[in-house]
Amino acid sequence: MGIAERKQEEKQDMQKRILDAARKIFLDKGYEKTSMRNIASEINYSPGMIYFHFKDKSEIFHELHKEGFRLLLAQLKILDKVADPFERLKAVGRVFIQFAQDNKDYYNLMFMVEEPAKESTEGGFKIAQEAINHLLELVKECQAEGRFVGMDQEYFSFMLLSSLHGICALFCKDRTASFQNKSNEDLMKYGYECFVSLLEKG
């Protein structure tokens, strides 16, 4: 390995350490109380070292956000090979829920940790929009096959995403304890299947 390659690898390793530390701090303290200083402290580095890699905490937060959506989209796009769009839509829901179960930290950062609007990038997160577009296109394909006739694509997609997010948010925030006779896994799995049965009747 040459000098340039080694330096690039070291840079990537350092950025990964920073992102791993920042993920923990954002989740523990929330966006407002997270600082470059306490991210640096988490990995025993000076704040100046963090600034060498990222200009501010907003850039770090966005990178974590993008990481999460890249992981989610990679899993969703595996389903593109499923020919029937309605079967694909049902599978998308299951993958979305499984993603939240397997990647609770990422899910919380992607959907639950609030960033002040003034610090958000203009137009929101583009990769998040890519995920929304993926869902909109899938609903459109379902309608072309005679499903959800007469439904507005954006309203319907919003309803789908809201339902999935509700299931995942209750799990990620440990709000399922009131259902004393059901495990988290069963609530998410069979709760979603109840929702699917409603879609099948529609």
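Student: What should I know about the model and its numbering?

Tutor: It is a predicted model, where local features need pLDDT of at least 70 and side-chain atom pairs count only at pLDDT 80 or more, while totals for chains, interfaces and linings use all residues. Residues are numbered from 1 along each chain as its sequence is written, and side-chain values use heavy atoms, with hydrogens and water left out.

Student: OK, how many helices and strands does the protein have?

Tutor: There are nine helices and zero strands. Helices (H or I, at least four residues) and strands (E, at least two) are DSSP runs, numbered from the N terminus.

Student: What share of the residues is buried?

Tutor: Of 202 residues, 39% count as buried. Buried means under 20% relative accessible area, exposed means over 50%, and partly exposed is in between, using a 1.4 Å probe and protein chains only.

Student: Now α5. How far apart are the ends of the helix?

Tutor: Helix α5 covers residues 85-102, and its end C-alpha atoms are 25 Å apart. At 1.5 Å a residue, its 18 residues should span 26 Å, so the two values agree. The expected span is 1.5 Å times one less than the number of residues.

Student: Is α5 mostly covered or mostly open?

Tutor: Mostly covered: 13 of its 18 residues are buried.

Student: And what caps its N-terminal end?

Tutor: Asp 84 does, with a side-chain oxygen 2.8 Å from the backbone nitrogen of Phe 86.

Student: Switching to Ser 157. Where is it, and why does it count as buried?

Tutor: Ser 157 is in helix α8, residues 153-172. Ser 157 counts as buried because its relative accessibility is 5%.

Student: Which residues is Ser 157 in contact with?

Tutor: Leaving aside neighbours within four places in sequence, Ser 157 is in contact with Leu 135, Leu 136 and Val 139. Contact means heavy atoms within 4.5 Å.

Student: What about Asp 186, is it buried or partly exposed?

Tutor: Asp 186, in helix α9 (residues 184-201), counts as partly exposed because its relative accessibility is 36%. Asp 186 and Val 113 are 73 residues apart in sequence and 26 Å apart in space, C-alpha to C-alpha.

Student: Last one: what does UniProt list for residues 35-54?

Tutor: The unreviewed UniProt entry lists them as "DNA-binding region". UniProt positions are in the numbering used here, feature names are shortened, and annotations may be inferred rather than shown by experiment. In the model, that stretch is 70% helix and 0% strand, with end C-alpha atoms 12 Å apart.

Terms used
Polar contact = N/O pair within 3.5 Å; in protein donor to acceptor, adjacent residues only side chain to side chain.
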